[in-house]
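Trainee: Could you take me through the side-chain features of a model, giving the general idea before each case?
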Amino acid sequence: MVFGFLKKGKINLKLSKLNFSEGETINGSFTLSLKKPTNARALQVILFSQKTTRDYNGNSRVTRLYEFKQPIMGEQEYSINPYNHEFSLVIPKQNKPQIDGTVGNVLGALSSFGKMMSPVTWFIEVKLDVPNGFDVGKKQQITVSDAPIQTQNSNNNTVGKNNPANDPSVPGY
């Protein structure tokens, strides 16, 4: 935790929503507010995923599985004037090999033998990279599923890519 008197500023991060599907676009915006002019290497938006592995002794290790950095501005002196920016990032589709049946179950059990693994967690982070000091940043966890997200519209109908009502080739809809 950084003490308040050491903070150089803050970032307010806003996302259009927090639940996404693979291949979907994340739309968001942020405001960077600094207390005083600050030299920094870069201002960037980062999309990343990670998994925590814990062994039976209680030791844990975080492994970054995916990372994409979208540069916003480069090395310069950033002023105290608030900086507003909108961004869009596409969540990658993961190529996950699927092995069904008994073989898949055995391989899954063997891969986790001796380890307890958490689910993959995804984050959006906006960061001002400050050399020789504390970075200014804001991180937000998001949910990413491999199936398209379906929602209810005002008529209580399900909408989404896998809804037959949205497919004109399906008879009866």
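Mentor: We will go through aromatic pairs, salt bridges, a charged patch and a backbone angle in turn. This is a predicted model, so local features need pLDDT of at least 70 and side-chain atom pairs count only at pLDDT 80 or more, while totals for chains, interfaces and linings use all residues. Residues are numbered from 1 along each chain as its sequence is written, and side-chain values use heavy atoms, with hydrogens and water left out.

Trainee: How is an aromatic pair defined, and how many does the structure hold?

Mentor: Rings of Phe, Tyr and Trp (its six-membered ring) pair if their centres lie within 6.5 Å; planes under 30 degrees apart count as stacked, over 60 as edge-to-face and the rest as tilted. The structure holds four such pairs. One of them joins F30 and Y83, a tilted pair with 6.4 Å from centre to centre and 50° between the planes. Because F30 lies in strand 3 and Y83 in strand 8 (residues 83-90), this pair ties together parts that are 53 residues apart in sequence. Strands here are DSSP runs of E, at least two residues long, numbered from the N terminus.

Trainee: What makes a salt bridge, and how many does a search of the whole structure find?

Mentor: The criterion is a side-chain nitrogen of Lys or Arg within 4 Å of a carboxyl oxygen of Asp or Glu, and the search finds three. In one of them, E24 meets K17, with the closest N and O atoms 2.4 Å apart; K17 is partly exposed, with a relative accessibility of 33%. R41 counts as partly exposed at 41% relative accessibility, while D129 counts as buried at 16%. R64 and E67 also meet in a salt bridge, at 2.3 Å from N to O, where R64 is partly exposed at 41% and E67 is partly exposed at 38%.

Trainee: Which residues form the positive surface patch?

Mentor: A patch is made of residues with over 30% relative accessible area and no salt bridge, where like charges are joined within 9 Å and nonpolar side chains (Val, Leu, Ile, Met, Phe, Trp, Tyr) within 5 Å. Here the positive patch comprises K7, K10, K35 and K138. K35 sits in the loop between strand 3 (25-34) and strand 4 (38-40), and K35 is exposed, at 57%.

Trainee: What is the phi value of N132, and where is this residue found?

Mentor: Phi of N132 is near 55°, a positive value in a residue other than glycine. N132 is found in the loop between strand 10 and strand 11 (136-145), and N132 counts as exposed, at 84% relative accessibility.

Terms used. Accessible areas come from the Shrake-Rupley method with a 1.4 Å probe; for residues, only the protein chains shown count as cover. Lys and Arg count as positive and Asp and Glu as negative; His and the chain ends are not counted. The place of a charge is taken as NZ of Lys, CZ of Arg, CG of Asp or CD of Glu. Helices (H or I, at least four residues) and strands (E, at least two) are DSSP runs, numbered from the N terminus. Buried means under 20% relative accessible area, exposed over 50%, partly exposed in between (1.4 Å probe, protein chains only).
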